Amino acid sequence: MIRPEVSSQLIAIAELRWRMFLNGLRSKRGKMELASRILVTLAFSLGGLLAFTLATGFAWYFVSQNKAEYLAILLWAVFLFWQLFPVMATAFTNNPDSAELLRFPITYGSYFLIRLAYGFFDPASALGTVGLSGILLGITLARPLLFPYTLLVLFTFALLNLVLMQTIFAWLERWLAQRRTREIISVLFILTMFSFQLIGPLMGRLGRKPHPELNQAFEMGARVQAFFPPGLAGSAIAQFSHARFLPGLASLAFLGALTLAIGILLHLRLRAQFRGENLNEAAARPASVQTQGLRVGWNLPGFSQPVAAVFEKEMRYLARSGPMLLTLIMPILMLLIFRLGPMNSLRHSSAFSRSFSRTPDMAFPGVAAYAILVLTNLLFNSFGGDGGGIQFFYASPINFRQIVLAKNLTHASILAVNTALAWIAVSYLYGRPHLAVSVATIAGLLFAAPLNFAAGNLLSIYAPKKRDFSTFGRQNASQTTVLASFGLQIVTVGLGVAIFMLARLYQNPWLATPLFLMLAAVTIPIYFMVLRHIDGIAIERRETLVAELCRA
Amino acid sequence: MDLAPTISTQALTRRFGDLVAVDGIDLNVAPGQFFGFLGPNGAGKSTTIKMLTGLLAPSSGRIKILGLDLNTDPVDVKRQIGVVPEGMALFGRLTGAEFLSFAGRMYGLDRLTAAKRAAELLEFMQLADQPKKLVTDYSHGMQKKLALAAAVIHGPKVLFLDEPFEGVDAIAAGTLKSMLQGMIARGATIFLTSHVLEIVERLCSHVAIIHQGRLVAQGSLEELRMGVEAQTSGAREGTATAGEKLTLEQLFLRIVGGTGHAEQELSWLG
């Protein structure tokens with residue numbers, strides 16, 4: 001038996017990635033990907049140059065002004081970027097390499113090294129290293145004698161960042177391997193993003209009067225941060241710069257120990273992967289025997305069994321998709337953000353008061369338009385979540401328009417619920433909207449919804465894209481759909497705004513309703529015309545739909 | 001008695017650009033037959049079954065199922081057939097019971113009947129013990145059983161199965177086989193593709209072999225044997241000894257000529 005050389009394996013993996021990159025360029029999509037990568041690399045290079053310059057300047061300033069403790073601020077910035085950026089950028093895509101590599105006779109040492117090497121070539125690592133180089137240069141310019149020691153500290157800090165990033169990824173990979181944990185993490189992710197939106201408004205509120213408890217919290221935070229990697233690295237350099245060598249070396253030793261501890265965590269995870277852990281969802285849960293009574297499907301009065309069955313299936317899919325549900329309730333969440341934030345501040349200003357005396361009259365139509373916008377997530381790729389189930393639709397003895405109609409009923413129900421909730425939320429948060437505005441908004445929906453439904457039905461068939469309802473990310477729509485959606489929203493929102501402005505111009509809020517109803521008289525027949533032709537279109541496009549949606 | 005075929009095709013052809021995946025095949029499957037459709041990888045089996053079930057449009061040719069033209073009466077045809085296509089056509093985010101109930105209603109069953117049959121099928125397929133489990137979390141074998149259950153929930157007269165035994169363990173395969181044999185006994189017609197020739201030999205009464213898009217053999221196993229033996233003169237590797245019947249595997253290899261590479265020697269292999 002030939003024993004594989006580690007170096008030849010590493011070269012083979014490097015070549016594999018290179019071949020995959022080259023083969024990817026064969027398609028038009030690959031070429032576009034390359035072009036966008038070049039643009040992104042340019043942007044990163046500029047960002048790196050800026051980070052390097054800023055880091056050099058600030059590090060030089062802090063050390064030359066004998067304020068080396070402040071270096072921790074720079075190190076925190078590098079640390080947060082290094083750790084958070086990769087998670088934000090790729091947390092919800094699986095890394096296929098690790099499982100594939102394990103088929104080959106690679107040693108555990110090689111596997112560990114390969115995983116670290118992947119991390120080293122990550123853009124965050126590259127930019128983090130550039131930032132640290134800037135700090136090193138700034139400190140060296142201010143105090144040349146500190147160079148060797150600073151180099152040692154920053155190297156340890158960089159190693160910690162690299163190992164920590166890979167540890168976070170390895171654990172995320174473990175959690176994301178299972179559907180349920182993937183959904184939970186996705187929901188937590190969007191809630192985190194949402195909470196970031198609230199920081200500004202809350203800080204604005206807190207900033208209006210002094211808060212001594214906040215100052216205390218900041219002071220405590222400053223003390224606590226000294227025990228974290230950036231604080232330790234900053235302290236190691238600062239102590240040394242003040243000729244306090246022993247505390248400086250102690251901080252460095254602590255930083256080294258922390259790196260080792262994180263490395264052990266990474267080792268535990270990678271070792272489990274290397275030994276071939278099984279993250280299969282079915283295997284993870286005990287096969288407890290349960291029984292269930294007969295569950296009869298839903299009834300939808302006035303509609304056929306297939307339409308009711310598809311409606312029920314769509315609702316069940318939505319109810320089981322945390323990320324999608326959260327997306328659909330975003331209009332209500334946005335109302336809350338605006339209530340706490342800019343709209344609220346604007347409402348207190350005199351200029352705003354003069355121009356828009358009644359906020360609810362803006363908020364309700366606005367949130368209704370936003371409700372349609374978020375619905376396009378579902379509407380414009382309505383078969384995306386069905387995956388291989390599309391074959392079932394084609395094999396079943398019903399006309400495609402019944403399936404599309406059932407899906408549209410689901411969309412209409414969501415829109416109706418969202419609009420009703422929005423009206424309640426607006427009434428509670430801002431005050432009840434004028435009756436004429438409420439009626440006009442509903443009339444506006446009667447115009448906009450059929451148009452969006454018709455376009456969505458066509459785009460769902462002409463530009464389908466497989467999607468996983470349990471995750472967020474770049475999977476949700478084709479470029480064609482994005483462009484068409486953008487154009488359609490400009491038209492519908494533009495018409496809506498124009499009609500409301502016209503009503504305001506004539507100082508008659510009731511004028512908007514008949515205008516919207518006139519437009520609805522055009523868009524509703526368009527919707528039914530598309531629905532009538534959908535069978536033929538679906539049959540004509542069945543190969544594209546099946547090929548795209550059944551893709552592994 | 002001259003029975004009209006349950007499945008018949010005339011000059012059925014499918015092209016993908018320059019590639020002719022299925023080249024003018026004429027199939028005839030009589031009522032009540034357990035029909036095996038065989039061929040090497042890429043021969044055109046899945047393309048044919050997709051065309052027979054309305055999942056793919058033929059480039060030319062005609063398909064008749066139960067005397068109905070698939071092109072002009074697709075809904076009437078689909079109402080009477082069941083399909084387990086290559087990708088199994090499942091809805092991953094439903095439970096097994098929800099999916100079967102959904103499938104039944106899509107085939108026109110009322111809610112109560114669909115729910116009752118779903119429960120019976122889950123019990124029969126030994127899938128009833130984890131009712132809250134989503135289809136996406138099922139193992140491959142469980143998904144195959146569920147796909148078959150969905151294909152039969154409406155009691156179809158004709159069943160099309162694309163590789164139903166692929167990735168299925170012996171216990172599950174036994175369950176599937178007993179169900180299929182039960183359907184044949186009650187007069188249904190089954191059309192299946194499979195690479196497992198032993199299973200096809202045991203189950204099927206008639207077979208057809210497709211090679212490079214063309215139908216190269218069709219008939220009962222006995223007819224195929226007689227045809228091959230009549231054509232063959234002299235002994236070759238894989239030939240049965242005198243008095244022994246040729247196995248389906250031997251017939252298949254003779255017809256598609258697949259033994260050439262096996263005779264090559266890879267000297268470095270242990």
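**View 1. Residues of α13(A) that meet α3(B).** In this predicted model, A:Q305, A:P306, A:A309, A:K313 and A:R316 in α13(A) meet B:E98, B:F102, B:R105 and B:M106 in α3(B), a contact being counted where C-beta atoms, placed from the backbone, lie within 7 Å. By class, this contact of α13(A) with α3(B) comprises four nonpolar, one polar and four charged residues, where Ala, Val, Leu, Ile, Met, Phe, Trp, Tyr, Cys and Pro count as nonpolar, Asp, Glu, Lys and Arg as charged, and the others, Gly among them, as polar. Residues are numbered from 1 along each chain as its sequence is written, and chains are lettered from A in the order in which they are written. Local features need pLDDT of at least 70, side-chain atom pairs count only at pLDDT 80 or more, and totals for chains, interfaces and linings use all residues.

**View 2. Crossing of α13(A) and α3(B).** The axes of α13 (residues 305–319) of chain A and α3(B), lines fitted to C-alpha atoms over the stretch in contact, come within 8 Å and cross at roughly 155 degrees. That angle makes α13(A) roughly antiparallel to α3(B), the term applying to angles over 145 degrees between N-to-C directions.

**View 3. The side of chain B that touches chain A.** Here 39 residues of chain B are in contact with 36 residues of chain A. The helices α2 (74–80), α3 (96–106) and α4 (111–124) of chain B each supply at least two residues of this side, helices being DSSP runs of H or I with at least four residues, numbered from the N terminus. Its residues divide into 20 nonpolar, nine polar and ten charged.

Notes:
Contact = placed C-beta atoms within 7 Å. Axes fitted to C-alpha atoms, helices over the stretch in contact; angles between N-to-C directions. Parallel < 35°, antiparallel > 145°, perpendicular 65-115°, else oblique.
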